[in-house]
Amino acid sequence: MDNDNNTNVGFEEIEVLPKEPQQPRSNGKAIAALVLGICSIVFSCLIPILGIILGIVAIVFAVLSNKEGKSNMALAGMITGISGIVLGIVMWIINIVILTSVGNAFSNLF
């Protein structure tokens, strides 16, 4: 009995194609958190209230990004956002102290 012609009976031929390499997914919220955190540090030195607001928004984006999946960039955004808030509060206090002392010195002149 010669079954050379019927060896693949009942099986379909499947063509296996190589998969295309996929680009790593970037997390837009994590990138936004990092950029806003860096901006909050910069603006905290110039305009403290703007630095504080940007820091809060950076933390919000970092938290939303972490809900989608842990990311080092989101963690960096959270750290820079917190740093921006702290720096903004410190600069705000320094500005109040300087303006108060200048105001007192100016009022003593007259």
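1. Let's start with the overall plan. The protein chain has three helices and zero strands, and its elements run α-α-α from the N terminus on. Please keep in mind that this is a predicted model.

2. Next, some totals for the protein chain. Of its 110 residues, 20% are buried. The chain exposes about 8,700 Å², and 67% of that comes from carbon and sulfur atoms. If you take the contacts between residues at least 6 apart in sequence, 68% of them join residues at least 24 apart.

3. Now look at helix 1. Its 19 residues reach 27 Å from the first C-alpha to the last, close to the 27 Å expected at 1.5 Å a residue. At the start of this helix, a side-chain oxygen of Asn27 comes to within 3.2 Å of the backbone nitrogen of Lys29.

4. Helix 2 covers residues 48-68, so to speak a stretch of 21 residues, and spans 31 Å between its first and last C-alpha, close to the 30 Å expected. Which residues of helix 2 are buried? They are Pro48, Gly51, Ile52, Leu54, Gly55, Ala58, Ala62 and Ser65. Viewed down the axis of helix 2, these buried residues fall within an arc of 165°, so they line one face of the helix. A general rule is handy here: an α-helix has 3.6 residues a turn, so residues three or four places apart point the same way.

5. What do the buried residues of helix 2 pack against? Their partners are helix 1 (28-46) and helix 3 (72-109). On the other side of helix 2, Lys67 and Glu68 are exposed. Just after the helix, Gly69 takes a positive phi of about 155°.

6. Finally, a pair to look up in the structure. How many salt bridges does the structure hold? There is one, and in it the side chains of Lys29 and Glu68 meet at 2.9 Å, N to O. Lys29 belongs to helix 1 and Glu68 to helix 2, so the pair ties together parts that are 39 residues apart in sequence. In general, side chains of opposite charge can pair when their charged atoms come close.

7. Are the two partners buried or exposed? Lys29 counts as partly exposed, because its relative accessibility is 31%, whereas Glu68 is exposed, with a relative accessible area of 52%. The cut-off for exposed is over 50%.

Methods
Residues numbered from 1 in each chain as written. Predicted model: local features only at pLDDT ≥ 70, side-chain atom pairs only at ≥ 80, totals over all residues. Heavy atoms only, no water. Helix = DSSP H or I, 4+ residues; strand = E, 2+ residues; numbered from the N terminus. Expected span 1.5 Å × (residues − 1). Buried < 20%, exposed > 50% of the residue type's maximum accessible area, 1.4 Å probe, protein only. Arc of directions from axis to C-beta. Contact = heavy atoms within 4.5 Å. Salt bridge = Lys/Arg side-chain N within 4 Å of Asp/Glu carboxyl O. Polar contact = N/O pair within 3.5 Å; in protein donor to acceptor, adjacent residues only side chain to side chain. Areas by Shrake-Rupley, 256 points an atom, 1.4 Å probe, with all protein chains shown as cover.
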